[in-house]
Amino acid sequence: MDQLQRGQEVFLAYLPAISLSLYYRSLVPGFSIPHLAHVLLSTGYLAPPASRKRVQERLTDTAALLAQSMTEMAALQPKTGTGWKACLEVRILHAKVRRALLRRTRRSRSDDNENKNTKRASWDANAHGIPINEEDMAATLLAFSVNALVGAEILLGFPLPRQERLDYLALWRYLGWLLGVRVIDDDKDECDNRDNSSAQRNDLPRALDPCGPGWLENRSDSIEHSSAIFQSIIVHLLHPDESSVQVAHHLLWQGRVNEKSLMETTKTQRQEQENWFYYRCLQCRRFVGNYLADALQLPLNPKRWYRWRSWIFSSVMLTAISVYTFLALPFSPCRRFIVSFHRKHLQSFAMSWSKEHIQRVKDQLPNETKVCNFAMLFSPANQ
């Protein structure tokens with residue numbers, strides 16, 4: 001438990017750097033994995049035709065999961081902790097989405113004509129596999145853990161202390177286990193529960209345990225194992241296609257702007273929206289590099305002056321966050337105040353989000369008397 005608490009402190013200490021890394025290095029580029037991009041396109045979450053409001057709500061929901069899980073150790077206590085409950089609710093949400101998309105596959109086989117006459121597209125399991133499978137979940141877990149730390153280290157210019165990286169990985173290993181990502185201990189328990197005659201054969205492949213110590217008992221190192229798994233997943237899955245480009249651009253626009261709102265805005269306002277989009281593309285490019293940014297077709301501002309202005313603003317902001325992150329390192333006398341400040345505001349955000357989300361659920365599901373915080377407010381099967 002002490003290590004999990006230390007992992008929470010790592011998150012709180014480097015919150016601004018980790019938040020930037022999660023958005024520009026993990027979330028947007030993460031959908032370079034076509035399987036994940038197709039899930040979003042099929043559900044409408046964070047992808048066209050979701051409105052700007054819908055996209056911002058989904059991003060806020062993700063932030064709320066972190067806020068409920070990272071502020072204090074009590075939040076991770078089984079049965080009573082808000083973070084513990086939130087992780088299980090998200091796990092149920094993933095299961096509902098998985099079930100709905102797989103039902104599309106069966107439905108399309110039984111009634112092809114119905115699908116031809118509707119906007120609903122069947123889920124191609126042969127091309128995209130099982131939606132939100134364990135490998136996809138492992139990739140997401142590593143994006144929130146290893147990749148987030150790498151982003152913070154890019155801003156700092158040097159690696160974080162080894163113990164902090166170990167603590168942060170241990171925290172995400174536990175959160176991932178709650179979300180449904182198997183760990184090595186699960187395989188051992190399963191073998192112990194089998195008869196001797198069948199113990200040598202396991203119906204499931206061995207657990208990836210992406211944030212765990214690794215499969216070699218004589219070389220236990222969670223930093224090495226998580227980095228190796230992450231690099232393997234990048235090589236295996238990170239091949240952007242048209243859906244990846246579509247989702248990445250939609251996220252960097254932070255949702256589409258409908259035609260009505262475009263007509264109501266002035267030319268200056270439209271230019272400002274475009275400049276912010278180009279600025280986010282530049283930020284993403286600086287975090288992931290030109291190769292992946294070009295694959296995602298992230299454009300630079302076509303106007304030279306605006307491009308230089310975005311670069312200067314980006315550099316100033318990143319420098320400020322780098323200095324702030326440096327002040328949060330373990331040896332700094334400012335760390336205690338920074339952690340306390342971030343904890344206080346995250347707790348406040350979680351409380352306000354909970355009230356707002358309850359009202360949102362009531363508005364969209366008026367006939368439901370009790371709904372979990374991360375309820376699926378519309379069914380993918382009906383899109």
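## Exercises on a predicted model

The side chain of Ser-226 reaches the backbone oxygen of Ile-223 at 3.1 Å. That is a polar contact (a pair of N or O atoms within 3.5 Å; within protein, one must be able to donate a hydrogen and the other to accept it, and residues adjacent in sequence count only if both atoms are side-chain atoms).

Quick ground rules: residues are numbered from 1 along each chain as its sequence is written.

**Exercise 1.** Work out where Ser-226 sits and whether it is buried or exposed.

*Solution.* 
- Step 1: find the element. Ser-226 belongs to helix H12, residues 222–237. Helices here are DSSP runs (H or I, at least four residues), numbered from the N terminus.
- Step 2: check the cover. Ser-226 has a relative accessible area of 1%, so it is buried. The cut-offs: buried is under 20% relative accessible area, exposed is over 50%, and partly exposed is in between (1.4 Å probe, protein chains only).
- Step 3: list the neighbours. Skipping those within four places in sequence, Ser-226 is in contact with Leu-142, Val-146, Leu-169, Pro-210 and Cys-211. Contact means heavy atoms within 4.5 Å.

**Exercise 2.** Val-146 turned up in that list; find how many residues of its helix, H9, are buried.

*Solution.* 
- Step 1: take H9, residues 146–156, and count. Nine of its eleven residues are buried, so the helix is mostly covered.
- Step 2: name some of them. Among the buried ones are Val-146, Asn-147, Gly-151 and Glu-153.
- Step 3: look just past the end.

**Exercise 3.** Compare the salt bridges Asp-61 to Arg-58 and Arg-182 to Glu-134: what does each one link?

*Solution.* 
- Step 1: set the rule. A salt bridge needs a side-chain nitrogen of Lys or Arg within 4 Å of a carboxyl oxygen of Asp or Glu. That gives twelve salt bridges.
- Step 2: Asp-61 and Arg-58 meet at 2.9 Å, N to O. Both lie in helix H4 (residues 52–70), three residues apart, about one turn. An α-helix has 3.6 residues a turn, so residues three or four places apart point the same way. Asp-61 and Arg-58 are both buried.
- Step 3: take the other pair. In Arg-182 and Glu-134 the closest N and O atoms are 3.2 Å apart. Arg-182 is in the loop between H10 (162–179) and H11 (184–192), and Glu-134 is in H8 (residues 134–144), so this bridge ties together parts 48 residues apart in sequence.
- Step 4: check burial. Arg-182 is buried at 15%, while Glu-134 is partly exposed at 25%.

**Exercise 4.** Which residues have the most contacts inside the largest nonpolar core?

*Solution.* 
- Step 1: define it. A nonpolar core is a set of buried Ala, Val, Leu, Ile, Met, Phe, Trp, Tyr and Cys residues joined through side-chain atoms within 4.5 Å.
- Step 2: The largest core has 91 residues, and Phe-11, Tyr-14, Tyr-24, Trp-172, Ile-233 and Leu-252 have the most contacts inside it. H10 gives the most to this core, with nine residues.
- Step 3: zoom in on one. Leaving out residues up to four places away in sequence, Tyr-24 touches several residues, including Pro-29, Leu-252, Tyr-279 and Phe-287.

Note on methods. Predicted model: local features only at pLDDT ≥ 70, side-chain atom pairs only at ≥ 80, totals over all residues. Heavy atoms only, no water. Helix = DSSP H or I, 4+ residues; strand = E, 2+ residues; numbered from the N terminus.
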